[in-house]
Amino acid sequence: MEKIKVLIADDHDLVREGICRLLELYDDIQVIGEAGDGLETIRKVREEEPDLVLLDLNMPRMNGITTLKKIKEISPQVKILILTIHDGEEYIYEVIKAGAEGFIQKDIKPEELKDSIVKVIKGEKVFPISVEKQIAETVVIKRDVQKLSAREQEVLGLLAQGMSNREIAANLFISEKTVKNHVSNILKKMSVNDRTQAVIVALKRGMVCLS
């Protein structure tokens, strides 16, 4: 099995060094480079051609979201795993919408970091443990997916693209009130509290695709 080539992008030298030493313990992972800011990350992606970039959100010269989008423009095959101190669902939604395959926090355990890298390389979406637990506790089985009408599935897909109710209404040529009703039905059927949770669960379950 070929080693997973990883590029570490973080503006803190100690953080990069610590992650580097950690990943060097695993035979199936190879750290091929480091970057301390967004522009350097873009350059290293072009030069080193990593399989995966461990990317911090708070980067100088080019922030994490912009760097993420740029990487996906120049090398769409490169997997992006966000490693950050942030834990809000809104951050998860933004990075996944921007093209990242995963989002994990810096207080993650070493083995969990390694497992997250492997999962992302295999094509899975990865979220913080707290969100993973919430998804696991959310009953979204086959018959629940089937309960979504064709129109509700359309609305869910547009929610995943970050559209507002007004934008969805314009896109589908329906009223905002109708959109609100569809969103309410989607949340109820998916057993979630808000649209962000609905999108996260939908992405995890493969119900929608942002590519």
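1. Strands here are DSSP runs of type E with at least two residues, numbered from the N terminus. On that naming, β1 (4-9) and β3 (52-55) each contribute at least two residues to the lining of the largest cavity.

2. The model is predicted, so its confidence values come before the details. The average pLDDT of the protein is 87, and 88% of the residues score at least 70. Over residues 139-144 pLDDT stays under 50, and for this stretch the model has nine contacts beyond four places in sequence.

3. The cavity search gives one cavity of 30 Å³ or more. The volume of the largest cavity is about 30 Å³. Its lining consists of Ile8, Ala9, Asp10, Ile19, Leu54, Leu55, Asp56 and Leu83. By class, that lining has six nonpolar, no polar and two charged residues; Asp counts as charged, and Asp10 and Asp56 are among the lining residues.

4. How do helix α1 and helix α5 cross? The axes of α1 (residues 13-23) and α5 (residues 110-121) come within 11 Å and cross at roughly 75 degrees. Because angles of 65 to 115 degrees count as roughly perpendicular, α1 is roughly perpendicular to α5.

5. Which residues make the contact between these two helices? From α1 come Ile19, Leu22 and Leu23, which meet Pro110, Leu113 and Ile117 of α5. The contact of α1 with α5 holds six nonpolar, no polar and no charged residues.

6. Ile19 links two of the points above: this residue of α1 takes part in the contact with α5, and Ile19 also lines the largest cavity.

Notes
Residues are numbered from 1 along each chain as its sequence is written. This is a predicted model: local features need pLDDT of at least 70, side-chain atom pairs count only at pLDDT 80 or more; totals for chains, interfaces and linings use all residues. Side-chain values use heavy atoms; hydrogens and water are left out. Axes are lines fitted to C-alpha atoms, for helices over the stretch in contact, and angles run from 0 to 180 degrees between N-to-C directions. Helices (H or I, at least four residues) and strands (E, at least two) are DSSP runs, numbered from the N terminus. Angles under 35 degrees count as roughly parallel, over 145 as roughly antiparallel, 65 to 115 as roughly perpendicular and the rest as oblique. Contact means heavy atoms within 4.5 Å. On a 1 Å grid over the protein atoms alone, a cavity is a set of points where a 1.4 Å probe fits but cannot get out, and a pocket is an open set with protein on both sides within 12 Å along at least five of seven lines; lining residues have an atom within 4 Å of a point. Grid points are joined across faces, edges and corners, and a volume is the space filled by probe spheres set on the points. pLDDT is the predictor's confidence in each residue, from 0 to 100.
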